[in-house]
Amino acid sequence: ENQAWAKGRGTRQHKHANGKDTHLSSARGGESPVGTSPFAREALSESSLGPWYTQLGSLGEPSQQLVARLGRAENAKGSKKGQKTSQAKIGEGPGNGTTVATPEQIKRARQIAEQELQRETDHWLKHEVRSEEKRWMQKVKDSGTSQDKIALLTLSVQQSPSANLKSLDALLAMVGKQGVGGAKRQAASAMDALRELFLTALLPDRKLRPFHSRPLHLALKELDALENADKAMIHGDRQNLRKNALRRLLLWHTEDCLRGRYERFVDAVVGATTDPLDFLKDKAVKTTYELLTYKPEQERVLLAALVNKLGDPSRKSASNAAFLLSCLLQTHPNMQTVVSKEVERLLFRPGVTLKARYYATTFLNQLVLSRHADGPVLAHYLVGLYFSLFKVLVTGLDNTAPATSQEALKQTKQGKKYTQKKKRKKKGKWFHRGSAKGKTPKSQQEQIEGSVGVDA
């Protein structure tokens, strides 16, 4: 199933739904009572070094060759002095020879990364933000409207995600406050700002990796080797190499922080898809579609939420969900099998309404099939799904609806045998159906089902 997701996702799209550049020009609408931001004339989505994932790609992985070379040099230096060099000095601690960091190494690496994150935040506030920008920021915090505050938080995150994670948390808190009146309008504005942030500046075109999955043991070995080595042992500047190693740890930690915050954002958006107010619900559904279309992170949760809207009580929302799913398959046609299986889970979910099954079946009926790739397999799968759904509807097993079409077929067979057994018990005839003696003719319903099977 993971391979099907990866295959269905295909090549990522680098443009937004409107086909234009996706830089967030302004999170406010109209004139601001506190004036124009000094940030407005600068590039907002990228810093001078580029997005964090571009920086991480340029740094690469920790150098095993450098660690090995420094270790040999340190051992040679110790042997000349007649001393035995400790392997712990060059980072050969717990987990030596393994490919996964130990809990102690993860804890130590996280502490170093958090220290670098605090240093990055302090540096950004002292050196990157000019005095007039600080005055404008303070003025917005004191007397600005909610739209002004959202704009300020958005621009801060765009300039330096690592140094402004607290600003990102403030935006997430606004999305989570889906109360009544002004709180819902503020949540909708914050949702728009966060959607643009994640699509244009924060998320790469791949899934985010947790911090503990990185080669932390090699990163710590590299840091220790650079710390204990002499200048003559390194080709280049030792300070620059150490700075790059610390920067790599910082970006790994930033990616892990963004991963958790994006999961919180997705949970808030999915929760808003069931909001009683139509404007917030429609905005959440559209946000779900855009996140699912353009970024692979949390795609399972987003697809399940979008498919679930096929069962929305509002006819407009249900038909809109079917339309957005069709648009998703136009962008990623290889996701037809994945989407069909998710729709199947909705069709055979316990307690699902006939209206939801109608919209789900109508959507499946509009899939464009072909003779290439997985087209014949998908067609065979859909035929089986249709007949399983037909048998569930005819036999009336809605109270204990199965999860898949295969379970539906199994339950219909069991229900059919139970009904026939109950009829024979009522007549007082306990005999095997297949025996020649006392064999009863087929009922009219069985003849209809048999004829349908022959025609198919």
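Contact here means heavy atoms within 4.5 Å. The model under discussion is a predicted one.

By that criterion, and leaving aside residues up to four places away in sequence, Lys309 touches Thr273, Thr274, Lys281, Val285, Ser317, Ala318 and Ala321. Lys309 itself belongs to the loop that joins helix H12 (299–308) to helix H13 (315–331).

The axes of helix H2 (residues 52–59) and H10 come within 10 Å of each other and cross at roughly 140°. H2 is therefore oblique to H10, because only angles over 145 degrees count as roughly antiparallel. The crossing of the two helices is left-handed. Which residues make the contact? H2 contributes Trp52, Gln55, Leu56 and Leu59, while H10 supplies Asn244, Arg247, Arg248, Leu251, Trp252, Glu255 and Leu258.

A pair of aromatic rings is described by the distance of the centres and the angle of the planes. With centres required to lie within 6.5 Å, the count comes to five aromatic pairs. Among them is the pair of Phe198 and Phe265, with 5.4 Å from centre to centre and 25° between the planes. This pair is stacked, because planes under 30 degrees apart fall into that class. It links distant parts of the chain, since Phe198 sits in helix H8 (residues 182–202) and Phe265 in helix H10 (residues 238–272), 67 residues apart. Phe198 and Phe265 are both buried. Together with Tyr262, Phe198 and Phe265 form one aromatic cluster.

Tyr358 and Tyr359 provide another geometry. Their ring centres are 5.4 Å apart and their planes stand at 70°, so the pair is edge-to-face, the threshold for this class being over 60 degrees. How do the two tyrosines stand in accessibility, buried or exposed? Tyr358 has a relative accessible area of 54% and is therefore exposed, whereas Tyr359, at 12%, is buried.

Methods
Residues numbered from 1 in each chain as written. Predicted model: local features only at pLDDT ≥ 70, side-chain atom pairs only at ≥ 80, totals over all residues. Heavy atoms only, no water. Phe/Tyr/Trp six-rings, centres within 6.5 Å; stacked < 30°, edge-to-face > 60°. Helix = DSSP H or I, 4+ residues; strand = E, 2+ residues; numbered from the N terminus. Buried < 20%, exposed > 50% of the residue type's maximum accessible area, 1.4 Å probe, protein only. Axes fitted to C-alpha atoms, helices over the stretch in contact; angles between N-to-C directions. Parallel < 35°, antiparallel > 145°, perpendicular 65-115°, else oblique. Left-handed = near helix turned anticlockwise from the far one by under 90°.
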